[in-house]
Amino acid sequence: MTQIRRMSLLIRRCRLDNYWRCMKLRNLAKIRELHVSSLINLGPVRNFCNSHASPNILEDKIRRYLDYVTKEYKNEASKSNFFEFIDLKTVGHLLDDRTHLVENIQNLQDLAKQDVEMKKLAKEEETLYKEQLNELDERLLDNILINICKESYDSIIIEITAGVGGQEAMLFVKDLYEMYMGYAKYLDLTHEVIDMETNDNNGIRHVSILLSGDETYKLQYEGGVHRVQRIPATERSGRVHTSTASVAILPTPSKVQIVINDKDLKIETKRASGAGGQHVNTTDSAVRIIYLPSGLSVSCQMHRSQIKNKEVAMIKLRSILYEQQLNKQTTFISELRQKQMGMKSRNEKVRTYNYNQDRVTDHRLQNGTMYNLPEFMQGGVALEKLEERLHKDIQMKTLLEIINKLQTQIKY
Amino acid sequence: MWCRSILKTRAVFSNPSISTYVQCLTINSPNFVTLRHPVRRSFSSNACDYTVGDIIDQWSRRFENEGITEPVESIEHIVAHVIGTKKIIDILNVRNNRLNANQIEKLESMCECRLSRMPVQYIIGEWDFRDITVKLVPPIFIPRPETEILVDFVLKRLNSLQLDSCEILEIGCGSGAISLALAHACEKIKCTAIDTSPYACDLTIINRDKLNLANRVTVIHATLKSDATVEVFKELNGASDMDLNLRLFDFVVSNPPYVPTKHISKLQPEIRIYEDLRALDGGDDGLKIIKPLLKYTAKVLKPGGRLFLEVDPTHPEYIQFFTNKYPDFKLHHEHTYKDFCNNDRFVEVVKAA
Ligand SMILES: C[S@@+](CC[C@H](N)C(=O)[O-])C[C@H]1O[C@@H](n2cnc3c(N)ncnc32)[C@H](O)[C@@H]1O
């Protein structure tokens, strides 16, 4: 930035042009990286930048938020907890640059006031600085937004449970299960069913899938109540039924995030009684773990290897303890975090699958209706695109929530 | 030779359906054993009409009536194997499907074997051990779940010592489960696996080659003798450094025979009839192999090297006594670990630096 400031107008323009061109190129290349993709795909932010001629409320709010952040950053004593969302290591130098720019603009304005001769020249310079400020603010915002939704986990557990609608709801669980399995394959996630309860008619009452890989965050917003409207295969009269299934996304925390003391565990296996070891032959490798402090119990019998069953049971246990821990924290920040992870929306109706009209509607989005249901149910690019839209939307809403909260707390 | 021991046991065993199992087992090559299932059409000719769910219900009831342990698991694993999956859960999705005639024939002959108390692991010819699947053939010892934890302790220790490479000797490799799981889990590990049974050595090699671990796991047909030396019979597949009384290792690991002889006759028929009892019979006190093993280990461990043993819960006390009594061996009992059932099951011994 310091360098740019010393350059001639012309060169500065070029720099900026290059920046935009480079962004477009990246867009074409469709690089699937989180930070890049959110850098390119920030529709609302782009608007905010381009529409500076007619400032709207959103822009104004964000600008003032950034002013506040810059000020707080300079003020080392301040330990505002809103900084939790800002990674100072990557954003620090941007904030420094911003301070300079704002000072420069201020100086120019002062200069223009004092000296009428200089006024025209100063105005020109000022426009330039403001342009730079816009560019800078956009980058700052990108960084902050990335951070807001950076909650990412190597693995998650997705749980699908039949809701109202009996048999038909269980068939719908099976459809969702197949959709997410397809999605997992599409995203190249390793996927493993760790629990399943079926009924006799090919339906599924409950299923848990453990997913791991780089892109598990692309299921972040699937949590909530999913609704299906269709004529059940079993229905002769041809009446449309509405049934539901609930989807929960449980992030699985690392061993560091949730530390479990071995002494707090009671592990039960088939061999709990008797001599064990070479004395026994068994194919029962089920493991049940009881967490003594709360009596919570988890089990796994998926694998033929006992130690793998134990590992999976521990993953389940850690996820549950993690969720409980988050639920206990009721600060504004922790609630925001839970919201981002879709943990607060478990009972919220998020989506409707209407088979007769061949459409899916996500109720969290404006214009949330998509057609070609069969394709969507394969869990491919259509679901990925929807997740991306939800991501951007929720990111922005979260930021605004932070800003609004900030406004009620501090006057800036 | 193991066949003889089976026949001996058979006389003691009184299940009438037992006559079928001898047909199940045939030695079809001079040094290897394969499993052949008896072909018998016991089930009704309209078996094809049944769904997978029906088959499971019917057979688990029959197993239960005939006193077969783990009746439901048994048929579920057999069905899973017949439809080509390792996971019982996959059956849930096909409960309403029907098997074809070939599958039914296979399933029924396998169920016959189970009626003769053959362990499921032998019937389906494989089982999982940690992250690997090992082929299993009677009478070679079926890896027990406890032993997965033994491997855990070895890997954890390797991690905490931050060694750049680790040479491990395994005494009594059986199907190869321990050595192969270790090498599979960590690139730094090189194993030398020995067993007194040539069949066990062959099976370890088959399992090793399936896992592409030939470059890091060497198998040697050799016996640990009561005088605490190792006699090598045959080098298998290019082992170079053959004198196992001179080489030094970072770790020695073993799940030696440790069942006291007096308990052998009380073991489940699955074990008594089908497994090579020399793989688990540890003599009067269960220490027959463990004693020479401690002495031999004292010679071949590098200073600071470690021995990891799976034992009977009565043994850790003796091992501690032994290391104290013979300070010349420079062995130090470091720790006794419990298995999931709270039994003292694993011992870690360190050679003084
Ligand atoms: C309990 S089994 C363990 C097999 C395998 N390590 C496992 O855990 O699945 C013991 C093995 O030691 C072998 N064995 C018994 N006595 C031996 C000896 N004196 N020297 C070498 N191997 C021996 C047996 O043949 C058998 O394969």
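## The ligand site

Residues from chains A and B surround the ligand, so the site is shared between chains. The model is predicted: local features need pLDDT of at least 70, side-chain atom pairs count only at pLDDT 80 or more, and totals for chains, interfaces and linings use all residues. Residues are numbered from 1 along each chain as its sequence is written, chains are lettered from A and ligands numbered from 1 in the order in which they are written, and side-chain values use heavy atoms, with hydrogens and water left out.

Of the 19 residues around the ligand, those that come nearest are Glu170(B), Gly172(B), Asp195(B), Leu224(B) and Asn255(B); a residue is near a molecule or strand if one of its heavy atoms lies within 4 Å of it. Strand S7 of chain B (residues 217-224) gives the most to this shell, namely three residues. Helices (H or I, at least four residues) and strands (E, at least two) are DSSP runs, numbered from the N terminus.

## Contacts and burial of the ligand

One nitrogen atom of the ligand lies 2.9 Å from a polar backbone atom of Gly172(B). A ligand nitrogen is also 2.9 Å from a polar backbone atom of Leu224(B), and a ligand oxygen is 2.9 Å from an N or O atom in the side chain of Asn255(B). The protein buries 95% of the 590 Å² that the ligand exposes when taken alone (accessible areas come from the Shrake-Rupley method with a 1.4 Å probe; for residues, only the protein chains shown count as cover).

## The eight-stranded sheet of chain A

In chain A, eight strands form an open sheet with mixed pairing, in the order S2-S3-S1-S5-S4-S9-S10-S11. Two strands pair if DSSP finds at least two bridges between them. Strands S2 (190-198) and S11 (369-371) of chain A stand at the edges, each with a single partner strand, so one side of each is left without a neighbour in the sheet. On average, neighbouring strands of this sheet are turned by 20° against each other, direction ignored (axes are lines fitted to C-alpha atoms, for helices over the stretch in contact, and angles run from 0 to 180 degrees between N-to-C directions).

Within this sheet, S9 (residues 349-354) and S10 (residues 359-362) of chain A pair in the antiparallel sense over four bridges. Tyr353(A) has Val360(A) in S10(A) as its bridge partner. The loop between S9 and S10 of chain A contains Asp358(A). Asp358(A) has a positive phi of about 55° although it is not a glycine. Most residues other than glycine have a negative phi, and most peptide bonds are trans.

## The three-stranded sheet of chain A

Another open sheet of chain A has three strands in the order S6-S7-S8, with antiparallel pairing. Here S6 (265-269) and S8 (296-300) of chain A stand at the edges; each has a single partner strand, so one side of each is left without a neighbour in the sheet. S6(A) is joined by five bridges to the antiparallel strand S7 (residues 287-291) of chain A, where Ile290(A) is the bridge partner of Lys266(A).

## Local features of chain B

Strands S11 (residues 331-338) and S12 (residues 344-351) of chain B run antiparallel and are joined by seven bridges. Lys338(B) has Asp344(B) in S12(B) as its bridge partner. The hairpin of S11(B) and S12(B) has five residues between the strands, and in it Asn342(B) takes a positive phi near 70°.

Pro138(B) and Pro139(B) are joined by a cis peptide bond, with omega about 5°. Pro139(B) is in the loop between strand S4 (132-135) and helix H8 (145-161) of chain B.

How values were computed:
Polar contact = N/O pair within 3.5 Å; in protein donor to acceptor, adjacent residues only side chain to side chain.
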